[in-house]
Amino acid sequence: MWKEERNKLQRSFEFKDFSEAFGFMTRVALIAEKMNHHPYWTNEYNKVELFLSTHDAGNIVTEKDHKLAKAIDKIYKKE
């Protein structure tokens, strides 16, 4: 579930292994590039943490972030 904290949408994802986590990140990267909206994220082995905010709006959460979050959720459900 996404949480809004400190002007960012944040969510953690956990996978079976690094390969699944990396595959998820790749799919997210392709969608983010199409939307021209790029997340900040971290990855450690099977864990991915995403942080979304709109930089050109002053680093706050906007509809653009919510739209990307929904797209990311769809990708995660297919995993």
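**Note on ring pairs, salt bridges and surface patches**

1. The whole structure holds 8 aromatic pairs. Rings of Phe, Tyr and Trp (its six-membered ring) pair if their centres lie within 6.5 Å; planes under 30 degrees apart are stacked, over 60 edge-to-face, the rest tilted. The Phe 15 and Phe 24 rings are tilted, with centres 4.9 Å apart and planes at 40°. Both residues are buried (buried is under 20% relative accessible area, exposed over 50%, partly exposed in between; 1.4 Å probe, protein chains only).

2. On the basis: this is a predicted model, where local features need pLDDT of at least 70 and side-chain atom pairs count only at pLDDT 80 or more, while totals for chains, interfaces and linings use all residues. Residues are numbered from 1 along each chain as its sequence is written, and side-chain values use heavy atoms, with hydrogens and water left out.

3. Phe 24 also pairs with Tyr 76. Their centres are 6.0 Å apart and their planes at 75°, so this pair is edge-to-face. Phe 24 is in helix H1 and Tyr 76 in helix H2, so the contact ties together parts 52 residues apart in sequence. Helices (H or I, at least four residues) and strands (E, at least two) are DSSP runs, numbered from the N terminus. Phe 24 has a relative accessible area of 0%; Tyr 76, at 25%, is partly exposed. Ring pairs link Trp 2, Phe 13, Phe 15, Phe 24 and Tyr 76 into a cluster.

4. There are 2 salt bridges (a side-chain nitrogen of Lys or Arg within 4 Å of a carboxyl oxygen of Asp or Glu). Asp 73 pairs with Arg 11, with the closest N and O atoms 2.5 Å apart. Asp 73 lies in helix H2 (residues 63–78) and Arg 11 in strand S2 (residues 8–14), so the bridge ties together parts 62 residues apart in sequence. Asp 73 is buried at 18%, and Arg 11 is buried at 15%.

5. Glu 5 and Lys 3 form a salt bridge at 4.0 Å, N to O. Glu 5 is partly exposed at 38%. Lys 3 is partly exposed at 43%.

6. Phe 18, Phe 22 and Tyr 45 make a nonpolar surface patch of about 340 Å². Patch residues have over 30% relative accessible area and no salt bridge; like charges are joined within 9 Å, nonpolar side chains (Val, Leu, Ile, Met, Phe, Trp, Tyr) within 5 Å. Areas come from the Shrake-Rupley method with a 1.4 Å probe; for residues, only the protein chains shown count as cover. Phe 22 lies in helix H1 (residues 18–35) and is partly exposed at 47%.
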